[in-house]
Amino acid sequence: MPEPGGEEAAAETAAPSPADQAEIDAFCDALWLEDGLALASLASYRSDLQQFAGWLATQGSSLPAADAPLLLRFVATLSGRLAASSQARYLSTLRRYYRHLVARGRIGADPTQAIAPPVKPMRLPKAISEAQVEALLAAPDLDTPQGLRDRAMIETIYASGLRVSELIGLKVHEVSFDMGVVRIFGKGSKERLVPLGEQAIDWIGRWLDEGRPTLLGARRSDAIFVTARGGPMTRQQFWSLIKRYARVAGIDEQRLSPHGLRHAFATHLLNHGADLRVVQLLLGHADISTTQIYTHVARERLKTLHAAHHPRG
């Protein structure tokens, strides 16, 4: 789930009542205990429910008492103000909350069942070419510890398709050099083993042997990728590095997102004939429909190649 705060509330709201605030706190505690959700996801659930509870307060209702007509009216207030993706996020939050109440016997039926999800426009991920990836990999200065670290990080994320949060959270003990895999604890604390490939393994090994000890000095850390201060790399720091190397490599920054190398990993695998189910497992997607977005990218690439090289293209 996206982090809260990106868009304004879609309707006039008041503060949630104390009873509704207690409801929200109890629901988020249950999510944390039962599903182990990340703090960012819990914050998003909390923010969405607070917005809804505040709107309900203006309607003289409360979270447990809200019925389908009230929910439809709230969703209608969203449709004129928010993008379809944000509307879908709100609805997903409400569905999960009311299913939680049904499961505990507090209400008899889920009032969100009658609400159809908004139609989201197709958003294709931006993927850079294989030649651009090679240029990006060649950008770091390998004569410095930071350059070795950055090359190892780019090699790792491109070879494995890790999320940025997974990359910067890697611990030394989670990489198996003998097996050539990395153990990842992804969304919802789900574990998966991801192959790294010889290039990434070699660069991680070189960084650990030649660069990391210099940056750490006498300090100790279990994080693989550390900064000059000895702490783990952050998302913002990694993204700043990627943007700098994109400029060095002559890549348009608009073509590169924080997940650009993850997108490239998936797209390039499919372009070279990988099975969609395998890509799904490697990316850690719970639902194959999430992975299918990449087939559109690969298909567009095939159409471009056909048009460029077929005599009747």
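## Terms and basis

Angles under 35 degrees count as roughly parallel, over 145 as roughly antiparallel, 65 to 115 as roughly perpendicular, and the rest as oblique. The angles run from 0 to 180 degrees between N-to-C directions, and the axes are lines fitted to C-alpha atoms, for helices over the stretch in contact. Helices are DSSP runs (H or I, at least four residues), numbered from the N terminus.

The model is predicted, with local features requiring pLDDT of at least 70 and side-chain atom pairs counting only at pLDDT 80 or more, while totals for chains, interfaces and linings use all residues. Residues are numbered from 1 along each chain as its sequence is written, and side-chain values use heavy atoms, with hydrogens and water left out.

## Helices α5 and α10

Helix α5 (residues 130-137) packs with helix α10 (residues 260-271) at an angle of about 135°, the axes lying 11 Å apart, and the two are therefore oblique to each other. Glu-130, Val-133 and Leu-136 of α5 make the contact (heavy atoms within 4.5 Å) with Leu-261, Ala-264 and His-268 of α10.

## Helices α2 and α3

Helix α2 (residues 39-58) and helix α3 (residues 68-79) have axes 11 Å apart and pack at an angle of about 115°, which makes α2 roughly perpendicular to α3. From α2, Phe-52, Trp-55 and Leu-56 meet Leu-70, Leu-71, Arg-73, Phe-74 and Thr-77 in α3.
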